[in-house]
Amino acid sequence: MHAMGRVSIEAIVNLCKRRGIVFPSSEIYGGLRSAWDWGPLGVELKRNVKEQWWRSMVHLRDDVVGLESSVIMSPKVWEASGHVATFSDPLAECTNCHKRYRADHIDLSRPCPHCGQGPSWTEPREFNLMFKTNMGPVEDSSDAVYLRPETAQGMFVDFSTVQQTSRKRIPFGIAQQGKSFRNEITPGNFVFRTREFEQMEMEFFVKPGTDDEWQDYWVEQRMAWYADLGMTSGNLRLREHGADELSHYAKRTYDIEYDFPGMGWSELEGIANRTDYDLKAHAKHSGQDISYFDSDTQERYVPYVIEPAVGVERPLLAFLIDSYSEEEAPAASGKLEKRVVLKLDKRLAPVKVAVLPLSKHADLVPVAERVAALVRASHVTDIDITGSVGKRYRRQDEIGTPFCVTVDFESLEDDQITVRERDSMEQERIAINELASYLAKRFE
């Protein structure tokens, strides 16, 4: 097999559309800019990324618990956090075509990139990125609420309740996955920057003075997570924020960056030291005590917070890019043909096992259905009977299915099937009743 060069974003977009992984939302009405729907395979892929994050961050640890806070919270939360006053980007508008841009992303001394006129721009003004809506039957400014721009604040306002009910002692963390919404001026680059996205965030509460070592620890843990799921180390790097780009709440922030084709090094995940900024802000605005009492040392303090925060969509896109391979592989005729294969880690693959009867023959399909039923309880299983078996192998390779199981006419005689492994394309003949244990070993 001969592998070809690195994939383009366009090839990934085409694959995702062709295979129903992710495609434009409301497409029959012309779509909605930067809104995407996740199809049958995309949903499974997303679930697998989220499950691997949750397993690593919550289930395999005894110092992190989960939370699911409301998307719509009291507007006072966003006043206290600083989002109402400061969560904005500079907006400039071309006075000729009225196209709007982030003023920090374009050169305002040049003509408009859309219409070519000018330069003729409005003065940059701050544009708040939060989606505003109304709660209740009357649209009144007193009923204004916001869709959350991050999941983090739910973990801060619920800190004392979660700490007391879970009986966790510091250092401990609260993890959350869920939708966030940002009214981005210039979304784009496929699913990299969207107005609606899903976050995986964890707030790890520590004693002040231990925060630097805990931040180093979480940077190491998060880098290891990507490596464990098969991401190429050469496409990953760690970058510390300069003093001029630190958020107002941050003491120190690291970005894990990925080298996206056509985009270059871009943020995959941030690991920030948020200090005690958020807890103190909510204590001040709510009038509630949000401190922690250490019964061992008899100390009361407001914890510092280390926050590893990542969207689901960016690592998912990076996993697709990293696993995409075009190879020359032998066809049934003996000639070489192009094989597109997603060499996804088995834990991320949307379909784990595909069962392929050699043909639609009336004797083969029932056996294939029986084989699929044997493994479906343990693994996401697809049964595919349409087209030549070679084309069906290629279809499964293209979506990253680790194992294909072929039922042929010999299976009717010897009760055996052929299992083909995705990456090596090696085939093994085993008994049908051994298939479950065979797969269990390989998915461990």
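What follows is a short chat about a predicted model of a protein chain.

Q: Before we dig in, what kind of model is this, and what are the ground rules?
A: It's a predicted model, where local features need pLDDT of at least 70, side-chain atom pairs count only at pLDDT 80 or more, and totals for chains, interfaces and linings use all residues. Residues are numbered from 1 along each chain as its sequence is written, and side-chain values use heavy atoms, with hydrogens and water left out.

Q: OK, how many helices and strands does the protein chain have?
A: There are 13 helices and 24 strands, taken as DSSP runs numbered from the N terminus (helices are H or I, at least four residues; strands are E, at least two).

Q: And what box do the C-alpha atoms fill?
A: Roughly 75 × 70 × 50 Å, along the principal axes.

Q: What share of the residues is buried?
A: Buried residues make up 50% of the 444 in the chain. Buried is under 20% relative accessible area, exposed is over 50%, and partly exposed is in between, with a 1.4 Å probe and protein chains only.

Q: Which residues have the most contacts inside the largest nonpolar core?
A: Ile-12, Tyr-226, Leu-268, Leu-317 and Phe-319, in a core of 54 residues. A nonpolar core here is a set of buried Ala, Val, Leu, Ile, Met, Phe, Trp, Tyr and Cys residues joined through side-chain atoms within 4.5 Å. Apart from that core lies another of 19 residues, among them Val-353, Phe-403, Val-405 and Leu-435.

Q: Back to Leu-317, what is it in contact with?
A: Leaving aside neighbours within four places in sequence, Leu-317 is in contact with Ile-9, Ile-12, Phe-190, Val-191, Phe-192 and Phe-260. Contact means heavy atoms within 4.5 Å.

Q: Why is helix α9 described as largely enclosed?
A: Because 11 of the 11 residues in α9 (residues 313–323) are buried. The buried set includes charged-type names too, among them Glu-313, Arg-314 and Asp-322.

Q: Switching topic, how many disulfides turn up?
A: The search of the whole structure finds 0, with a disulfide being a pair of cysteine sulfur atoms within 2.5 Å.

Q: Which peptide bonds are cis?
A: One joins Gly-118 and Pro-119, with omega about 20 degrees, and another joins Ile-170 and Pro-171, with omega about 5 degrees. Pro-119 lies in the loop between β6 (100–102) and β7 (125–128). Pro-171 is in the loop between α6 (159–166) and β10 (172–181).

Q: What about phi for Arg-167 and Met-425?
A: Arg-167 has a positive phi near 55 degrees, and Met-425 has one of about 65 degrees. Most residues other than glycine have a negative phi. Arg-167 is exposed, with a relative accessible area of 71%, whereas Met-425 counts as buried at 19%.

Q: Last one: where is Ala-368, and what does it touch?
A: Ala-368 lies in helix α10 (residues 364–376) and touches Val-355, Pro-357, Ile-383 and Val-407, not counting residues up to four places away in sequence. At 0% relative accessibility, Ala-368 is buried.
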